[in-house]
Amino acid sequence: MTDPDHGRLGLFVGILLVAAAALVLIAASANVSPITLAPAYMFSPMVAGLAVCLSQGIPLADVGLRRGRLRWLAAAAVVALPLIGLTLVFAVAVPGIAFDPTADPIPGAELPPGLLGVVVTIGIALVLGSTVNAVFAFGEEFGWRGYLLWELAPWGFWKASFAIGSLWGLWHTPVIVAGYNYPSFPYIGVIAMTIACLSFSPLYTYIVIRAQSVLAAAILHGVFNGSAGLVVVYAAADGPVLEELVASPVGAAGVLAFGFATIAIAVFDTPTLTRKNFTG
């Protein structure tokens, strides 16, 4: 199998660096936080991936831009929900963190009481996550689990997953330093976000290989983003360390939950990663 092409990788990473610098400079000139411009920044991996593919004659279908297997696209939509639930369980098991049953998961919305309200909340997260959120998530995922996964496929499942996870985490640096996810720990937050992305990455790679489509990663990412706030809402933490670095889907609780998914993949179903249609 052909090794990753350093020229293509250099172009991809170079565009990402330019996008990060542009984010910081535009935010500074407009006197706004980079977090405000984050929705646009989310599309920079897609732009980088498209630039490489179109300039190098790589068919977009080869890097996963296809419908794929519908049952695995459906699995991508629901798999984040139990992992978010597990994250919440791990969070409230930590001393200083308690479950808050009175929390309002959707401020301003009148939800049915009791279990029905929880079901409605999950349903909203699933629908919005797999549609609206997935569009923005695709802006990232075409770069990460589309082009870059195809490029790094010769490294195999684990090395490619962790390499992508590392870059994915570091790519968040401009918004993390600006206070996103870890407002009390902007620099430690860069490390924490990178660890979180490393823990997420094998599952994202797995779902793309099984679905044979990068759309699966976009759906998973979108539903995760749409439901992750439930952990923050229901886990009442005592102080910013527990709130931001532990009781968070991108904190220790989330890393542990996704770690279990990684272990399950390693033990039961590690796929083979190849460039040919991401088949396992």
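Helix 6 is mostly covered, since 17 of its 21 residues are buried (buried means under 20% relative accessible area, exposed over 50%, partly exposed in between, with a 1.4 Å probe and protein chains only). This is a predicted model, in which local features need pLDDT of at least 70 and side-chain atom pairs count only at pLDDT 80 or more, while totals for chains, interfaces and linings use all residues. Residues are numbered from 1 along each chain as its sequence is written, and side-chain values use heavy atoms, with hydrogens and water left out.

Helices here are DSSP runs of H or I with at least four residues, numbered from the N terminus. Helix 6 comprises residues 132–152 and reaches 29 Å from its first C-alpha to its last, close to the 30 Å expected at 1.5 Å a residue (1.5 Å times one less than its number of residues). Where is the kink in helix 6 centred? It is centred on Glu-141 and amounts to about 50°, the bend being the angle between axes fitted to the seven residues ending there and the seven starting there.

Val-132 belongs to helix 6 and is partly exposed, at a relative accessible area of 44%.

I turn now to the loops. Most residues other than glycine have a negative phi. Asn-181, in the loop between helix 8 (173–177) and helix 9 (188–211), has a positive phi near 70°. Gln-212, in the loop between helix 9 and helix 10 (215–227), likewise has a positive phi, of about 55°. Asn-181 is partly exposed at 27% relative accessible area, whereas Gln-212 is buried at 18%.

Conventions:
Helix = DSSP H or I, 4+ residues; strand = E, 2+ residues; numbered from the N terminus.
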